[in-house]
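This briefing sets out selected features of the structure shown below.

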Amino acid sequence: MATKTSRLTIDLPKADHKRLKMAASMMGTSMKELVLMSVEEFMQRKPNKVTLKALKQSEVGKNLKKFDSLDDLFDDLGI
């Protein structure tokens with residue numbers, strides 16, 4: 001049985017494309033393999049203790065903030 005494939009298209013500025021191509025070349029791999037390795041590495045990351053604590057608290061509704069508007073949220077964030 002043949003393996004089905006999909007195509008991924010990413011629009012990048014030329015400078016970023018050149019950097020990606022150079023990085024793949026320096027690693028002796030293709031751009032496709034470099035992207036796949038990066039995705040795999042990202043998927044293997046584990047959240048740190050602070051993130052895990054925040055996730056657990058949010059699941060039970062603890063220490064959540066509510067805002068009436070985006071402006072209120074942005075004010076709270078200082079942006």
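Which residue takes a positive phi just after α4? The residue is Gly78, with a phi of about 80 degrees. The model is predicted: local features need pLDDT of at least 70 and side-chain atom pairs pLDDT 80 or more, while totals for chains, interfaces and linings use all residues. Residues are numbered from 1 along each chain as its sequence is written, and side-chain values use heavy atoms, without hydrogens or water.

**Helix packing**
- Helix α1 (residues 14-27) and helix α2 (residues 31-44) have axes that come within 9 Å and cross at roughly 90 degrees.
- α1 is therefore roughly perpendicular to α2 (an angle of 65 to 115 degrees).
- In this contact (heavy atoms within 4.5 Å), α1 contributes His17, Leu20, Lys21, Ala23, Ala24 and Met27, and α2 contributes Met31, Leu34, Val35 and Met37.
- Eight of the contact residues are nonpolar, one is polar and one is charged.

**Largest pocket**
- The largest pocket holds about 520 Å³ of space; a pocket is an open set of points on a 1 Å grid where a 1.4 Å probe fits, with protein on both sides within 12 Å along at least five of seven lines.
- Its lining (residues with an atom within 4 Å of a point) includes His17, Leu20, Met31 and Val35.
- α2 supplies the largest share of the lining, four residues.
- The lining has seven nonpolar, three polar and two charged residues.

**Helix α4**
- Helix α4 (residues 70-77) lies largely in the open, because zero of its eight residues are buried (under 20% relative accessible area, 1.4 Å probe).

How values were computed:
Axes fitted to C-alpha atoms, helices over the stretch in contact; angles between N-to-C directions. Helix = DSSP H or I, 4+ residues; strand = E, 2+ residues; numbered from the N terminus. Parallel < 35°, antiparallel > 145°, perpendicular 65-115°, else oblique. Nonpolar A, V, L, I, M, F, W, Y, C, P; charged D, E, K, R; others polar. Buried < 20%, exposed > 50% of the residue type's maximum accessible area, 1.4 Å probe, protein only. Points joined across faces, edges and corners; volume = space filled by probe spheres on them.
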